[in-house]
Amino acid sequence: MGGFDMESLVDATAGAIGSLASTTILYPLDTCKTKYQAELRTPHLRKYRNLMDVLWEAISKRQVLSLFQGLGTKNLQSFISSFIYFYGYSFFRKMYIERSGYKSIGTKANLLIAAVSGAFTVAITQPLDTAASRMQTSDFGKSKGLWKTLSEGTWGEAFDGLGISILLTINPAIQYTAFDQLKQRLLEGQQGNPQQLSALTAFLLGAASKCAATCLTYPAIRCKVMIQAAESEDDTYEEAEVKARKTVSGALYAIWKKEGLLGFFKGLKAQILKTVLSAAFLLMIKEKITKSTWVLFMGIRRFLFLSRSRLKSS
């Protein structure tokens, strides 16, 4: 492990494990939310009026397990993206502090580092994100596997929504910057200078920071879901209209035409509920397992060092 920065590696692993647990716990809610957001119809023709309609459809069709369709792909994407993001964020943050000579990092620098780390992560994991979205928005019981989902379209289609996904890197940038700044102030104000937040405090800080980021970026989030969504058998759109909706401008126009101004915020409550809980669980779990992860990696490092020394001596 000598080639890696240990602190960044520990931070990345703890973040990835937190993301994996959070994604799995909240996945049925995420599926309902995504299918609700992906539907684009005039109000009187809507299939889903709220999240409960999506859940009831799964129950009535005896497809409750389909609420987990795409979970494996989503977990793979979540783990890889979180590992890359947290490693990059921690690495560049540490590099900035060392080179600038400052003891802490300012808000502007934090935002920049978070955005660069997020854009790099998105560029690598976009095909997995697209596949997971298509699986979630497929009709219940008709979702396909990862390879079949990706191979049905062109390689370019696997990167549907890449531009808007890069734009949305400002979302975690706002979230993690807010979380880090609030965490730093809380720890500085506590007696004894503790190095960890309590689970409840980490949960509340994670929820507050994600809520702010979600509200600011929601219209772009809705567009991204529509661009990546699978086509339903109930849809009767012409091929030209379907292709037009796969672009940012086309998605924006379609929302405006079908649902008006309020359509840009359709599903906002569901998005806030899911993303706030997800971010809060992620940061709470990450905060609590970082120390254990550090101890584990130090133990592995010591074992490898001792093994190498024995081999050299023999």
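The side chain of Ser117 comes within reach of a backbone atom elsewhere in this predicted model: the nitrogen of Tyr89, at 3.3 Å. Ser117 itself belongs to helix H5, which runs over residues 107-137. Is Ser117 buried or exposed? Its relative accessibility is 3%, so it counts as buried, the cut-off being under 20%. If you skip the neighbours within four places in sequence, the residues in contact with Ser117 are Tyr85, Gly88, Tyr89 and Phe92.

Tyr85 turns up again in the largest nonpolar core, which has 19 residues. Along with Phe86, Tyr176 and Leu197, Tyr85 touches the most other members of that core. Helix H1 (6-25), helix H4 (71-100), H5, helix H8 (170-189), helix H9 (199-228) and helix H12 (268-313) each give two or more residues to this core.

Now take a look at Phe86. Leaving out residues up to four places away in sequence, Phe86 touches Asp11, Ala12, Gly15, Ala16, Tyr176, Leu282 and Lys286.

What about the cysteines? Cys32 has 6% relative accessibility, so it counts as buried, and Cys223, at 1%, counts as buried too. How many disulfides are there? With a pair of cysteine sulfur atoms required to be within 2.5 Å, the count comes to zero.

Conventions
Residues numbered from 1 in each chain as written. Predicted model: local features only at pLDDT ≥ 70, side-chain atom pairs only at ≥ 80, totals over all residues. Heavy atoms only, no water. Buried < 20%, exposed > 50% of the residue type's maximum accessible area, 1.4 Å probe, protein only. Helix = DSSP H or I, 4+ residues; strand = E, 2+ residues; numbered from the N terminus. Polar contact = N/O pair within 3.5 Å; in protein donor to acceptor, adjacent residues only side chain to side chain. Contact = heavy atoms within 4.5 Å. Core = buried A, V, L, I, M, F, W, Y, C linked by side-chain atoms within 4.5 Å.
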